[in-house]
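Here's a friendly walk through one protein model, taken a feature at a time. Keep the picture open while you read.

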Amino acid sequence: MGKSEIAIECFQNGFSCSQAVISTYCEELGLDKESALKIACAFGGGMGHIGETCGAVTGAFMVIGLKHGKIKVDDNEAKAKTYELVAEFAKRFKALNNSIHCFELIGFDLSTEEGLAQARESNRFKTVCPKLVKDAAEIVEELLQLKA
């Protein structure tokens, strides 16, 4: 089973899109799975169901940070590399999905009880999100050349 399939399975087993993406790659980048799941928990549904940046995208951004993020105050090269990869990821994700914003991808305002209920009733989390998780996992894997 490839990494994108592992991420989709994680999502389908009840974790958020952000959790699914980061937990698929975290251990090979030095972060234990439990910590990754906790860190990413708040980012599902466009950051806690507010409909902003898609959780699959934020999960991928966290993976990019794990691999290339700045850890020394004067390491501006690492910061620049991280930002460059985030921009390239966003460009590729938008090319496939026309947006990186959960509200636009799902088509409902998840920040309202009504919008969240409508998204659930229309099965948007089951029909739309697995593709977004797959796309995010595949793009981040390609950008970072992580092992499948």
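## Before you start

This is a predicted model, so to speak of a local feature we need pLDDT of at least 70, and side-chain atom pairs count only at pLDDT 80 or more, while totals for chains, interfaces and linings use all residues. Residues are numbered from 1 along each chain as its sequence is written, and side-chain values use heavy atoms, with hydrogens and water left out.

## The largest pocket

Let's begin with empty space. Rolling a probe the size of a water molecule over the atoms shows where empty space is left. On a 1 Å grid over the protein atoms alone, a pocket is an open set of points where a 1.4 Å probe fits, with protein on both sides within 12 Å along at least five of seven lines. A cavity, by contrast, is a set of points where the 1.4 Å probe fits but cannot get out. The largest pocket here has a volume of about 420 Å³, where volume is the space filled by probe spheres set on the points, and the points are joined across faces, edges and corners.

Which residues sit closest to the centre of this pocket? They are Phe11, Phe15, Ser16, Cys17 and Phe125, out of 23 lining residues; to count as lining, a residue needs an atom within 4 Å of a point. By type, the lining splits into 12 nonpolar residues, nine polar ones and two charged ones. Nonpolar takes in Ala, Val, Leu, Ile, Met, Phe, Trp, Tyr, Cys and Pro; charged is Asp, Glu, Lys and Arg; the others, Gly among them, are polar. Several helices give at least two residues each to the lining, including H1 (3-12), H2 (17-25), H8 (113-121) and H10 (129-144). Helices are DSSP runs of H or I with at least four residues, numbered from the N terminus.

Cysteine 17 has as its nearest cysteine sulfur that of cysteine 54, 5.0 Å away.

Are these cysteines buried or exposed? Cysteine 17 is buried, at 9% relative accessible area, and cysteine 54 is buried too, at 4%. Buried means under 20% relative accessible area, exposed means over 50%, and partly exposed is in between (1.4 Å probe, protein chains only).

## A cluster of rings

Now for the aromatics. The whole structure holds two aromatic pairs. Rings of Phe, Tyr and Trp (its six-membered ring) pair if their centres lie within 6.5 Å; planes under 30 degrees apart are stacked, over 60 edge-to-face, and the rest tilted. Phenylalanine 61 and phenylalanine 89 make an edge-to-face pair, with 5.8 Å from centre to centre and 80° between the planes. This pair joins distant parts of the chain, since phenylalanine 61 is in helix H5 (residues 55-68) and phenylalanine 89 is in helix H6 (residues 76-97), 28 residues apart.

Phenylalanine 89 also pairs with phenylalanine 93: the ring centres are 5.8 Å apart and the planes are at 20°, so this pair is stacked. These two are four residues apart in helix H6, about one helical turn. Phe61, Phe89 and Phe93 form one aromatic cluster. Phenylalanine 61 is partly exposed at 22%, whereas phenylalanine 89 is buried at 0% and phenylalanine 93 is buried at 0%.

## Polar contacts

A polar contact is a pair of N or O atoms within 3.5 Å; within protein, one must be able to donate a hydrogen and the other to accept it, and residues adjacent in sequence count only if both atoms are side-chain atoms. Lysine 3, in helix H1, is buried at 14%, and its side chain makes a polar contact of 2.4 Å with the side chain of glutamate 28.

Glutamate 142 lies in helix H10 and is exposed at 54%. Its side chain is joined to that of arginine 92 by a polar contact of 2.6 Å.

## Two asparagines in loops

Asparagine 98 has a positive phi of about 70° without being a glycine. It is in the loop between H6 and H7 and is exposed, at 69%. Asparagine 123 has a positive phi of about 60°, and it isn't a glycine either. Its place is the loop between H8 and H9, where asparagine 123 is partly exposed at 37%.

How values were computed. Disulfide = S-S within 2.5 Å.
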